[in-house]
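We will go from whole chains down to single residues.

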Amino acid sequence: MTERTDASAFPLLASTSCTPPDLKRRTLLGGLAATGLASLLPWQHALAQGTDRATLSIAYPTDVPTWDPEAVTIPNIQGIYQSVFDSPLRFSPDGRLQARQFKEWRWTDNTATRLEVTLRDDIVFHDGSRMTMEDVKFSLLERGRADKKLVIGAMLTTLADVEIKSPTRGVLVYSRPTPTAPIYLAFMAAYIVPKAYLTKVGADGFNAAPVGAGPYRMAEHQRGSRIVLEAFDKYWGGMAPIRQVILQIVPEPSARVALAESGRVGMALQLPVREMQRLAGKPTLKTKIAPVSEIYMLRLPSYVPALENEHVRAALHLAIDKAALSKAFYAGVAQPLSVLAPKGAPASAPDFNYPFDKARAISELQAAGYSTAKPLSLTLLSTNGAFPSDYDMARAIAQMWKGIGINATIEETTPAKLVEAAQNGKLAGPLLYSWANSTADPEIFAGRILDPRLRFSTWKDMALGPRIDSLIAEPDETKRLDGYKALNIEASEKSWAIPLLQAVTTVAYASALQPQLFNSGYLIPAEYKYL
Amino acid sequence: MFHVTCMIAVRRLLAAIPTLLLLALVVFVVLRLLPVDPLATMLPPSATAADAAAMRQQLGLDQPIPVQFLIWLRDAASGSLGTSINFRQPVTGLIVAALPATIELALLGLILALFISIPGGVLAYVLHVRKRETAADVGVTVLQSVPAFLWGLLLIIVFGVLWPVLPFSGRIADDITLPGLTGFALVDLLIKGRFDAWLSALSHLLLPALALALGFAPLVIRVLRSSLIDAAREPYVEVARLRGVPESRILWRHMLKNAALPTITMIGVQFGFLFGSALLVEMIFGFPGIGNLMVQAVKGNDMPLIQGIALLFCVLMLAINAIVDVLYVLMNPRLRVS
């Protein structure tokens with residue numbers, strides 16, 4: 001057989017006449033174009049989103065893994081839990097502790113072990129049953145004891161008993177002085193669930209069809225896609241102005257930006273800071289970059305030999321230009337911090353300033369025996385995407401350190417990996433970390449961050465344990481806050497941890513919407529309304 | 001022929017059992033050896049080592065790895081893949097709920113890919129014959145260089161923002177609730193006779209499916225073009241031409257059928273990777289399928305769920321390979337004889 005080229009095998013195809021393949025191609029291309037256009041046209045009607053003023057669609061990054069609010073402590077979903085379950089107490093938008101389901105609370109002793117609480121008498125669960133102290137005892141005490149997989153037990157470790165005095169009155173009894181007990185009633189996991197319903201349907205049944213006493217009831221949950229909340233008409237605080245809230249679960253930030261930009265949602269949260277300026281130029285949108293009760297910091301493992309040296313730690317701290325980090329990555333809104341607390345938080349030590357001083361950083365490093373000629377090598381651990389611009393910030397810090405004679409190799413990690421490493425005392429170096437604390441109380445900032453006994457503590461100075469214990473048990477509020485303020489200043493001066501910036505949250509919303517943003521960063525749609 | 005097909009399917013299924021066991025063991029051991037703590041995101045900052053130990057015991061994570069594997073294997077044999085740590089629900093239930101969405105997405109992605117790649121492959125072949133293949137090569141290379149998730153973002157910008165004609169988030173419009181009969185939205189809505197809702201579901205599928213298709217089609221185009229070039233050298237083509245059969249008929253009826261065999265093999269192999277691409281595409285489009293579930297499982301170090309989904313991918317790959325083998329036999333009479 002004679003071997004031929006492909007063209008010679010198809011003389012007709014090679015000709016310029018109107019050949020069948022030519023026709024086919026045209027038909028094909030025309031058909032494709034027609035199909036494409038035809039396929040697009042009928043869908044336009046399907047794009048209608050809930051744009052009436054009774055409905056609000058929100059592009060949200062995080063889904064709810066479980067509807068048992070006492071099972072997990074994920075800061076991002078606490079606003080959704082508060083919407084469905086409400087909470088015994090709550091922090092106001094500007095961070096003050098407020099009455100909610102508990103209308104009154106007071107210590108009946110001087111040692112902060114007996115907290116008398118009065119429950120509102122008009123709280124109705126979504127199934128129509130009334131909330132009583134039985135539900136409170138079941139939720140805060142009994143569930144945590146019966147099921148160790150629930151985190152409520154680990155949150156309220158000193159709660160020993162709930163004495164029921166009447167359906168709406170009781171005493172929370174603590175095994176040791178717990179003056180901060182009220183803040184934990186406005187924090188994570190401390191939600192009141194209906195005892196009768198949960199006992200009847202079991203944990204799985206409750207997860208499938210949760211019943212709370214919040215301003216919204218969960219009407220639909222398509223896992224990984226959307227959550228539909230409907231306003232509860234018997235909510236003690238009155239029916240929410242926005243009758244239906246649809247949370248579209250969109251983990252990808254670019255897609256959330258596109259949803260806001262195209263007007264398909266009324267609100268989009270946690271958008272990249274770099275996109276905010278562009279979105280602000282859209283006439284139909286308003287944007288906000290708001291500080292929240294969360295801090296970015298460097299945690300230092302005390303067992304890394306180089307970090308035992310006080311001069312090295314001081315050099316690491318002094319070399320960081322926190323204002324430059326804020327300007328570069330958070331539009332200058334993130335406040336530079338000198339202590340382990342946001343500006344204005346209790347025990348935040350507003351008069352104390354830890355400076356950025358490169359010359360001093362160089363001399364401190366020289367005192368430790370290092371310089372640009374003889375650099376110190378370190379590993380800097382950072383997550384990538386756990387919080388906005390984390391990895392970029394780590395790279396900038398590494399550059400700042402390089403300027404004084406510290407060569408930092410950035411090692412990317414994940415929250416789960418670093419907890420494992422911290423538990424086993426195997427963190428290789430300083431760790432860039434974000435610490436959320438919606439209460440802003442110093443016990444949950446410095447008290448937890450520096451407690452050497454906790455499973456993922458990094459600064460293992462065991463002498464701090466008794467000091468923190470005494471502050472945890474201190475019933476005098478002034479003394480307690482002064483104690484934490486002193487701890488904060490000492491921690492910063494000795495660089496046991498390096499506070500960097502107060503975190504920010506970003507939100508874009510329809511011009512007609514009037515959202516109430518909370519210092520906690522929580523999404524509370526019951527407080528939103530249309531103008 | 002039916003007998004032969006069944007024989008092949010049974011043989012394939014039997015061969016899959018040891019493969020599946022081995023894969024399950026590998027996935028199980030690898031997950032347990034990773035330096036990550038599944039309790040990391042579950043416990044509050046105040047939790048002590050004792051709290052962590054108590055939870056670890058309740059979840060069975062304190063047992064030696066071989067014991068954990070044997071327990072898991074025993075439960076898996078009875079259809080239980082354990083309980084998800086984060087979702088606190090049976091893994092099987094979570095997978096069953098999410099799988100139809102992914103299958104629907106992948107199938108539509110495959111259909112769209114075929115709509116693009118069969119004419120595209122033929123066109124590339126025609127351009128090759130006309131010695132104008134550079135344009136086709138450039139086009140296919142450009143298509144191939146863009147991964148599916150990037151197509152997703154581009155499609156969102158074009159059809160979601162600049163020319164907002166298609167939805168790009170979720171599975172259906174906000175005001176429609178899926179009936180949840182089979183889990184396949186298009187099937188369920190047809191059964192219920194809700195055609196408006198059906199259109200909505202289809203429109204929500206289009207962009208993510210197109211993103212998958214655009215990532216998948218270039219490979220098929222290339223293989224089909226090469227197969228057509230090979231087929232053009234076969235004697236039957238010359239015979240057909242000598243018999244006066246029109247070129248279009250030779251191409252579409254005879255050459256394409258023969259060129260389909262290697263293409264089907266490639267599609268079969270790549271279809272598994274289509275599920276892999278769905279992982280990111282689902283996340284971008286907020287599509288509630290297996291990919292989205294996997295991302296959440298990985299973020300939360302939910303080992304039972306990761307294990308379950310990994311096993312599902314193994315099963316899918318084995319099933320797809322078996323289907324491709326059967327199809328191959330159906331389309332190639334010579335294999336039936338052998």
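Start with chain A. Of its 531 residues, 56% count as buried. Buried means under 20% relative accessible area, exposed means over 50%, and partly exposed lies in between (1.4 Å probe, protein chains only).

Before going on, know what is on screen. This is a predicted model, where local features need pLDDT of at least 70, side-chain atom pairs count only at pLDDT 80 or more, and totals for chains, interfaces and linings use all residues. Residues are numbered from 1 along each chain as its sequence is written, chains are lettered from A and ligands numbered from 1 in the order in which they are written, and side-chain values use heavy atoms, with hydrogens and water left out.

**Stop 1: chain A as a whole**

Where pLDDT is low, the predicted coordinates should not be read in detail.

Switch to a cartoon view. Chain A has 19 helices and 18 strands. Helices (H or I, at least four residues) and strands (E, at least two) are DSSP runs, numbered from the N terminus. The C-alpha trace of chain A spans about 100 × 75 × 50 Å along its principal axes.

Chain A has an accessible surface of about 20400 Å², and 52% of it belongs to carbon and sulfur atoms. Such areas come from the Shrake-Rupley method with a 1.4 Å probe; for residues, only the protein chains shown count as cover.

How do contacts in chain A reach along the sequence? Among those between residues at least 6 apart, 68% join residues at least 24 apart. A contact means heavy atoms within 4.5 Å.

**Stop 2: two loops in chain A**

Select His126(A). This residue is in the loop between strand S5 (114-119) and helix H5 (133-146) of chain A. Is His126(A) buried or exposed? It counts as buried, because its relative accessibility is 16%. Show its surroundings. Leaving aside neighbours within four places in sequence, His126(A) is in contact with residues including Val84(A), Tyr216(A), Arg217(A) and Phe232(A).

Next, select Gly429(A). Look in the loop between helix H16 (415-423) and strand S15 (431-436) of chain A. Gly429(A) has 0% relative accessibility, so it counts as buried. Which residues does Gly429(A) touch, not counting those up to four places away in sequence? They are Arg299(A), Pro301(A), Val304(A), Thr379(A) and Leu381(A).

**Stop 3: chain B as a whole**

Hide chain A and look at chain B. Here there are 13 helices and 0 strands. The C-alpha atoms of chain B fill a box of roughly 85 × 55 × 40 Å, taken along the principal axes. Chain B has 338 residues, and buried ones make up 52%. It exposes about 14900 Å², with carbon and sulfur atoms supplying 71%. Of the contacts in chain B with a separation of 6 or more, 73% come from residues 24 or more positions apart.

**Stop 4: helices of chain B**

Select helix H4 (residues 91-129) of chain B and find Gly121(B) in it. Gly121(B) counts as buried because its relative accessibility is 0%. Leaving aside neighbours within four places in sequence, Gly121(B) is in contact with Ile221(B), Leu224(B), Arg225(B) and Leu228(B).

Now select helix H11 (residues 290-299) of chain B. Why is H11(B) largely enclosed by the rest of the structure? Because 8 of its 10 residues are buried. Among them are Ile290(B), Leu293(B), Met294(B) and Val295(B). The buried residues of H11(B) pack against H4, helix H10 (247-284) and helix H12 (303-331) of chain B. Step just past H11(B) to Asn301(B), which takes a positive phi of about 50 degrees.

**Stop 5: the largest cavity**

Show both chains again. For the last stop, select Gln248(A), Ser169(B), Gly170(B), Asp174(B) and His204(B): of the 14 residues lining the largest cavity, these lie nearest its centre.

Technical notes: On a 1 Å grid over the protein atoms alone, a cavity is a set of points where a 1.4 Å probe fits but cannot get out, and a pocket is an open set with protein on both sides within 12 Å along at least five of seven lines; lining residues have an atom within 4 Å of a point.
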